[in-house]
Each structure stands twice: as structure tokens, then as C-alpha cells.
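This report describes selected side-chain pairs and the parts of the chain that hold them. The sequence and the structure come first.

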Amino acid sequence: MEIVHDRDNHKFDAIAPDGSIIGEIAYAVENGDMLATHTRVSQPYRGQGLAEELLTNLVNYADEEGMKIVPLCSCVIAAFERQPAKYGHVVKAERAEM
């Protein structure tokens, strides 16, 4: 399995050895923040830590770009709440009013 950053479509894909996409975490960039909008893992691969691996790639990218992550996706919200020591440095709890 490989994680690939699809910058054009603002997502990280988990690619199986056969080339199929078995998971993804999507984001948008808004006002210098990264909005984690969606996480999906195919049913046969759930419960194996794939969502967390995708999130780790997103967090690393946010760190590299100097951005904070606004968790909009329930999976990301839950991970941030479960592991504040791991993710606290990158989380932005509230979006700025537009």
C-alpha cells in the first residue's frame, strides 16, 4: 500500500498494490488554513489504521506548509480529540468568520 498526494485534487490517496484507491483524506485551503473535509476508507480495509496513516500524511503536509488544520470531517475530529498530544500543535479549533 502506498500513500500518494494528489495536489491537484487536494487529497491523499491510499493505493493498493493492484492500483485501486482504497482510502482518501480530502482537504481544502482557505485563508491560510487547511480544512480537513472528508476521510474515506473502503470497507475491507477499515480498522487497520489506514485512516490514521492518511491523517498523518495530511498533518505532515500542513506542518511543511506552516498551516493549521480545521477539522470538519468526523474522523479527523475524533482523532484530534483522542490524541491531543499528537495533533494539538496543528489543530485550529475554530474557523475565522468570513
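In this predicted model, glutamate 52 has a relative accessible area of 31%, so it counts as partly exposed. Its side chain meets that of lysine 86 in a salt bridge, with 2.7 Å from N to O. Because glutamate 52 lies in helix α1 and lysine 86 in helix α3, this pair ties together parts that are 34 residues apart in sequence. Lysine 86 is partly exposed as well, at 37% relative accessibility.

The count of salt bridges in the model comes to four. Three of them are listed here.

| Salt bridge | N to O distance |
|---|---|
| Lysine 11 and glutamate 24 | 3.2 Å |
| Aspartate 33 and lysine 92 | 2.8 Å |
| Glutamate 52 and lysine 86 | 2.7 Å |

The side chains of aspartate 33 and lysine 92 form one of these bridges. Aspartate 33 belongs to strand β4 (residues 33-41) and lysine 92 to the segment after α3 (84-87), so the bridge ties together parts that are 59 residues apart in sequence. Aspartate 33 is buried, with a relative accessible area of 10%, whereas lysine 92 is partly exposed at 26%.

Lysine 11 and glutamate 24 form another bridge. This pair links distant parts of the chain, with lysine 11 in strand β2 and glutamate 24 in strand β3 (residues 21-30), 13 residues apart. A network of salt bridges links Lys11, Asp13 and Glu24.

Which side chain of opposite charge is nearest to aspartate 6? It is that of lysine 11, at 4.6 Å. A salt bridge requires a nitrogen to oxygen distance within 4 Å, and aspartate 6, although buried, has no salt bridge. Aspartate 6 is part of strand β1 (residues 2-6). Apart from its neighbours within four places in sequence, aspartate 6 is in contact with Lys11 and Asp13.

Histidine 10 sits in the loop between β1 and β2. With a relative accessible area of 35%, histidine 10 is partly exposed. Beyond its neighbours within four places in sequence, histidine 10 touches Ile25, Ala26 and Tyr27, in the sense of being in contact with them. Glycine 32 is 22 residues from histidine 10 in sequence, and their C-alpha atoms are 14 Å apart.

Buried residues in α1 are Leu50, Leu54, Leu55, Leu58, Val59, Tyr61 and Ala62. Glycine 66 follows α1 and has a positive phi, near 70°.

The aromatic rings are the last topic. There are four aromatic pairs. One of them is formed by phenylalanine 12 and tyrosine 61, which are edge-to-face with centres 6.1 Å apart and 70° between the planes. Here too distant parts of the chain are linked: phenylalanine 12 is in strand β2 (residues 11-15) and tyrosine 61 in helix α1, 49 residues apart. Phenylalanine 12 is buried at 4% relative accessibility, and tyrosine 61 is buried at 13%. Another pair, phenylalanine 80 and tyrosine 87, has ring centres 5.2 Å apart and planes at 40°, so this pair is tilted. Phenylalanine 80 and tyrosine 87 are both buried. Ring pairs also join Phe12, Tyr27 and Tyr61 into a cluster.

Key:
Residues are numbered from 1 along each chain as its sequence is written. This is a predicted model: local features need pLDDT of at least 70, side-chain atom pairs count only at pLDDT 80 or more; totals for chains, interfaces and linings use all residues. Side-chain values use heavy atoms; hydrogens and water are left out. Helices (H or I, at least four residues) and strands (E, at least two) are DSSP runs, numbered from the N terminus. Buried means under 20% relative accessible area, exposed over 50%, partly exposed in between (1.4 Å probe, protein chains only). Lys and Arg count as positive and Asp and Glu as negative; His and the chain ends are not counted. Contact means heavy atoms within 4.5 Å. Rings of Phe, Tyr and Trp (its six-membered ring) pair if their centres lie within 6.5 Å; planes under 30 degrees apart count as stacked, over 60 as edge-to-face and the rest as tilted.
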